[in-house]
Amino acid sequence: MLSLSNLAVARGGVTVLRGLTLTVAPGEALILRGPNGSGKTTLLRTLAGLQPPAEGTCDLPADSVAYAAHADGLKSTLTVSENLSFWSRIYGGPAIDPALRALDLTPLTRRRAGELSAGQKRRLGLARLLVTGRPVWLLDEPTVSLDVASVAMFADAVRGHLATGGLAVIATHVDLGLPEARVLDLGPYRARVIQSTGFDEAFT
Amino acid sequence: MSIWEYANPKKFMALSARALPWAVGLTLVLLVTGLVWGFFFTPDDYKQGSTVKIIYLHVPSAMMAINAWVMMLVTSLIWIVRRHHVSALAAKAAAPVGLTFTLIALVTGALWGQPMWGTWWAWDPRLTSFLILTLFYFGYMALWAAIEDPDTAADLTSILCLVGSVFALLSRYAVLFWNQGLHQGASLSLDKKENVSDVFWLPLVICIAGFVLLFVTMVLLRTRTEIRARRLKALLARERVA
Amino acid sequence: MKALLLRDLRLAFRSGGGFGLGLAFFFLLSVLVPLGVGPEGGTLSRIAPGILWVGALLACLLSLDRIFALDHEDGSLDLLATAPIPLEAVVAVKALAHWIVTGLPLTLIAPGLAIFLNLPPAGYPWLVLSLLLGTPALSIIGAFGAALTVGLRRGGLLLSLLVLPLYVPTLIFGGEVVRRGAEHMALATPLALLAAISLGAAALLPFAAASAIRVNLR
């Protein structure tokens with residue numbers, strides 16, 4: 001379970017989102033929407049524990065999070081299975097075959113990651129989520145460079161994750177084929193300039 | 001009211017604005033008195049001639065070179081523990097001042113060393129330590145300059161200052177060890193205490209007090225500048241957001 | 001953690017991993033110094049301990065920025081920071097990997113290069129021992145410097161500027177061990193101090209480096 005209360009997040013010292021209060025229950029997916037620069041990535045990084053909240057609290061144990069950023073964290077000189085089994089061993093060693101199958105990477109296992117297409121790389125990055133075994137997925141634009149079939153594959157993987165009691169927070173512009181997901185428009189939470197409260201406003 | 005009240009930038013600006021004229025005035029009085037007395041109203045040393053008078057610049061700046069680093073260490077610690085912005089900015093403000101004192105100490109030392117030792121530079125433990133201190137100052141300032149986000153810069157430079165202090169101390173002992181290892185006993189000691197007699201002592205103390213106040217004044221001024229620069233930056237960032 | 005070590009080693013030894021760059025540099029330096037200084041054996045054997053240590057130090061410096069920068073660029077560092085292993089351990093393992101790829105080979109080829117520099121025979125065992133004890137400190141201090149500069153574009157030069165002063169004690173004690181060894185002098189003290197620096201750095205700097213990485217990832 002993920003619960004935020006009155007959360008504000010800041011990027012480079014400037015608060016971008018303010019007053020986020022919500023809970024996401026196990027089995028639920030939350031889709032974040034908002035234009036570029038609206039703070040989707042900053043929010044996800046805050047949830048992942050990579051940066052502290054500017055205000056409020058984010059109730060989410062650090063050891064429950066699997067984060068997938070814009071960059072997939074792949075090593076181009078390692079093969080697909082080497083890349084994936086590295087992350088599997090970091091997370092205590094679940095088998096990588098189911099993850100490879102789920103994202104249709106089995107035929108590519110011996111290929112070097114540097115030789116994959118952009119979409120294949122992305123799928124490998126998403127397969128990493130499956131081997132983490134962590135209940136909370138935080139995904140930043142997960143379907144960039146994926147074709148229609150791969151997006152469907154990804155949606156299935158997310159559904160499978162939700163069915164086992166996991167939850168997901170996904171920042172995206174495109175339709176993911178997840179009609180059951182809750183959509184949160186970040187527009188209303190955009191931080192406005194507020195009046196100084198006695199303390200020097202340049203120093204937060 | 002606790003002392004941390006002054007870590008509030010507004011309170012600091014108000015207090016430092018009131019303190020600055022006094023600090024400037026007192027610095028001028030002490031420095032002029034000490035230097036004029038030292039340069040023109042003390043006898044020449046029977047052995048070193050008038051070159052001895054460089055101690056009125058050399059000794060105080062060498063002392064302040066080290067004290068400035070210690071002050072940066074303390075303010076860095078305060079930033080890490082209590083996250084007072086004024087403290088981090090004071091550390092940033094002190095670095096170029098400390099570096100200048102270090103360079104003054106090195107240059108005046110060389111000017112004195114040339115006629116006395118017959119060489120501008122010797123790998124004496126003290127000289128070497130000061131050279132290494134210069135490198136630490138450069139690294140610290142370069143790190144501040146390289147990082148855009150002020151809080152990130154404050155955090156990283158504070159960590160560098162802590163680790164750097166440990167290694168600076170280690171270097172000091174390493175250098176002592178290394179030089180003894182090279183020339184047993186034949187060291188060109190710069191230990192002033194042996195050759196400073198009473199005539200030179202009082203103006204020297206006044207000069208040291210003057211340099212301490214000079215340092216305080218410069219750091220106050222530069223910290224004020226940093227705070228204003230920081231406010232300006234915040235305003236610009238706000239404009240971009242709005 | 002073993003997985004991380006194996007991955008880093010595999011990456012270093014695969015093509016484009018940069019393994020051997022430091023070794024080549026060390027080799028070139030040991031060849032160039034006699035060409036610049038002159039072939040006179042006595043001069044060379046006097047400066048050999050220092051040159052070998054400075055060469056090993058600079059060769060180490062060459063590959064420092066790769067410790068974290070590559071992982072930062074491709075996003076692995078973000079993922080490692082949210083992984084179950086503590087960031088302090090990540091730093092320690094990566095410094096160890098750097099040492100296995102740089103410090104250890106440098107230690108092994110140093111006696112060969114010492115021949116070019118006419119190191120007195122008594123110095124050889126101490127050269128190997130001092131590098132074996134001292135190069136881990138170079139890697140771990142370097143990892144700290146790399147952690148400070150990980151978020152910066154063009155961090156390479158800054159990294160050298162930050163790390164070189166921190167290398168001073170290691171260099172002094174390391175060079176001193178070899179010099180004393182070559183001249184049949186007592187060297188227990190610098191040897192112990194060299195080992196102490198390595199151990200102290202390995203025990204404490206991963207914490208400083210990990211906090212620097214956390215700041216840089218914010």
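In what order do the strands of the open sheet in chain A run? Keep that in mind as we go. One caution before the answer: this is a predicted model.

The order is E5-E6-E7-E3-E8. That makes an open sheet of 5 strands in chain A, with parallel pairing. Look at the edges. Strand E5, residues 65-68, and strand E8, residues 182-185, stand there. Each has a single partner strand, so one side of each is left without a neighbour in the sheet. From one strand to the next, the twist averages 15°.

Now zoom in on one pair. Strand E6 of chain A covers residues 136-140, and strand E7 covers 167-171. They run parallel, joined by 5 bridges. Take A:Trp137: its bridge partner in E7(A) is A:Ala168.

Next, helices on the sheet. Helix H4 of chain A, residues 118-132, lies across E5 and E6. It runs at about 175° to E5(A). Helix H5 of chain A, residues 148-163, lies across E3, E6 and E7. Its angle to E7(A) is about 145°.

Over to chain C. Helix H6, residues 87-116, meets helix H7, residues 123-148. Their axes come within 8 Å and cross at roughly 145°. The crossing is right-handed. In that contact we have 17 nonpolar residues, 7 polar and 1 charged.

Last stop: chain C against chain B. Here 20 residues of chain C are in contact with 22 residues of chain B. On the chain C side, H7, H8 and H9 each supply at least two residues. Which helix gives the most? H8(C), with 11 residues. By class, that side of chain C has 16 nonpolar, 2 polar and 2 charged residues.

Note on methods: Residues are numbered from 1 along each chain as its sequence is written. Chains are lettered from A and ligands numbered from 1 in the order in which they are written. This is a predicted model: local features need pLDDT of at least 70, side-chain atom pairs count only at pLDDT 80 or more; totals for chains, interfaces and linings use all residues. Axes are lines fitted to C-alpha atoms, for helices over the stretch in contact, and angles run from 0 to 180 degrees between N-to-C directions. Helices (H or I, at least four residues) and strands (E, at least two) are DSSP runs, numbered from the N terminus. A crossing is left-handed if the near helix is turned anticlockwise from the far one by less than a right angle, and right-handed if clockwise. Ala, Val, Leu, Ile, Met, Phe, Trp, Tyr, Cys and Pro count as nonpolar, Asp, Glu, Lys and Arg as charged, and the others, Gly among them, as polar. Two residues are in contact if their C-beta atoms, placed from the backbone, lie within 7 Å. Two strands pair if DSSP finds at least two bridges between them.
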